[in-house]
Amino acid sequence: MKTNNLVIRPFKKSDSANASLIFISELIDEEVYILYDRKMTLKEEKAWLKDKLRELRHNQQVALSVWDGQKLVAVCDAKKGKMKERDNTLIGIAILKAYRGKGLGEKLLRAIIKLAKEKLKPKNIYLSVFADNKVAQNLYKKVGFRQFAIFPKWMKHKGKYVDSLYMLLAK
Ligand SMILES: CC(C)(COP(=O)(O)OP(=O)(O)OC[C@H]1O[C@@H](n2cnc3c(N)ncnc32)[C@H](O)[C@@H]1OP(=O)(O)O)[C@@H](O)C(=O)NCCC(=O)NCCS
């Protein structure tokens, strides 16, 4: 599997909620280190997509999707905080297993940071990551994020409490 056949683009109105439902379901089955811990229904996924498109239209977030034909294989987004936290932008990223380890994560992360800086004009770009997720931490460090906080025993993952690390993009 080469990554140069993939299409990286923003979400659009005609995107299928079914594609994002299959995407999140594969990540849930794999029990990756993400917030979601149960599969969504198609109704929930439609609402997720609708919400995302609305926030994109209003410059509340920027997002990139990656497609292998009709299959959604990765999502990376950057969301503005609300109200007095509006100048802080939170990054998220997830890639399906078959598409990892080929440079896609780094490419997406660098692209979303560039987009976020242009469109959201953040003071702080940050993210949170499970303390056990060393692969993601390596990527984040490589791109310039540094740990600034630990929320101890914050996330319940596979029945066990895990620390949540917060990382800030160095200026
Ligand atoms: C974390 C994730 C986005 C990384 O994406 P990726 O496409 O696999 O990463 P890349 O191939 O671009 O690699 C970039 C860097 O990440 C780190 N990395 C990637 N795979 C790694 C591995 N197996 N072991 C250790 N570090 C690794 C390295 O620092 C690598 O840089 P290098 O190639 O110069 O060593 C991807 O593994 C993923 O989606 N995982 C599941 C969901 C998840 O954990 N999301 C993050 C939630 S906070």
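This report walks through a predicted protein model, from its overall build down to single residues.

## Ground rules

Residues are counted from 1 along each chain, in the order its sequence is written. Because the model is predicted, local features need a pLDDT of at least 70 and side-chain atom pairs count only at pLDDT 80 or more, while totals for chains, interfaces and linings use all residues.

## The overall build

Let's start with the big picture. The protein has four helices and seven strands. Here helices (H or I, at least four residues) and strands (E, at least two) are DSSP runs, numbered from the N terminus.

How does the radius of gyration fit with a compact globule? For 171 residues, a compact globule would come out near 16 Å, and the protein has 16 Å, so the two agree. (The radius is taken over C-alpha atoms, and the globule rule is 2.2 Å times the number of residues to the power 0.38.) Along the principal axes, the C-alpha atoms fill a box of roughly 40 × 35 × 35 Å.

Of the 171 residues, 23% count as buried. A residue is buried if 20 or more other C-beta atoms lie within 10 Å of its own, exposed if 12 or fewer, and partly exposed in between, with C-beta atoms placed from the backbone. Now for contacts: two residues are in contact if their C-beta atoms, placed from the backbone, lie within 7 Å. Among contacts between residues at least 6 apart in sequence, 59% join residues at least 24 apart.

## Around the ligand

Which residues come nearest to the ligand? Of the 20 residues around the ligand, those are R100, G105, E106, N138 and L139. (A residue is near a molecule or strand if its C-beta atom, placed from the backbone, lies within 6 Å of it.) The elements giving two or more residues to this shell are β4 (88-95), α3 (104-120) and α4 (134-143). Helix α4 supplies the largest share, five residues.

Sorted by class, the shell has 11 nonpolar, five polar and four charged residues. For this sorting, Ala, Val, Leu, Ile, Met, Phe, Trp, Tyr, Cys and Pro count as nonpolar, Asp, Glu, Lys and Arg as charged, and the others, Gly among them, as polar.

## Two helices that cross

Two packed helices are described by the angle between their axes and the distance between the axes. The axes of helix α1 (residues 17-30) and helix α2 (residues 42-57) come within 9 Å and cross at roughly 110°. That makes α1 roughly perpendicular to α2. From α1, the contact uses A17, N18, S20 and L21, and from α2 it uses L42, E45, K46, W48 and L49. Those residues divide into five nonpolar, two polar and two charged.

A word on the angles: axes are lines fitted to C-alpha atoms, for helices over the stretch in contact, and angles run from 0 to 180 degrees between N-to-C directions. Angles under 35 degrees count as roughly parallel, over 145 as roughly antiparallel, 65 to 115 as roughly perpendicular and the rest as oblique.

## Two buried residues

Look for D77 in strand β3 (residues 71-80). D77 counts as buried because 23 other C-beta atoms lie within 10 Å. Leaving aside residues up to four places away in sequence, D77 touches Q61, V62, A63, G92 and I112. The C-alpha atoms of D77 and A116 are separated by 8.8 Å, although these residues are 39 apart along the chain.

Y140 is in helix α4. Is Y140 buried or exposed? With 23 other C-beta atoms within 10 Å, Y140 is buried. Y140 and L168 are 28 residues apart in sequence and 9.3 Å apart in space, C-alpha to C-alpha.

## Two lysines in loops

K121 sits in the loop between α3 and β5 (124-130). Phi of K121 is near 45°, a positive value in a residue other than glycine. K121 is exposed, since 12 other C-beta atoms lie within 10 Å.

K158 belongs to the loop between β6 (145-157) and β7 (160-169). K158 isn't a glycine either, yet its phi is positive, at about 50°. With 9 other C-beta atoms within 10 Å, K158 is exposed.
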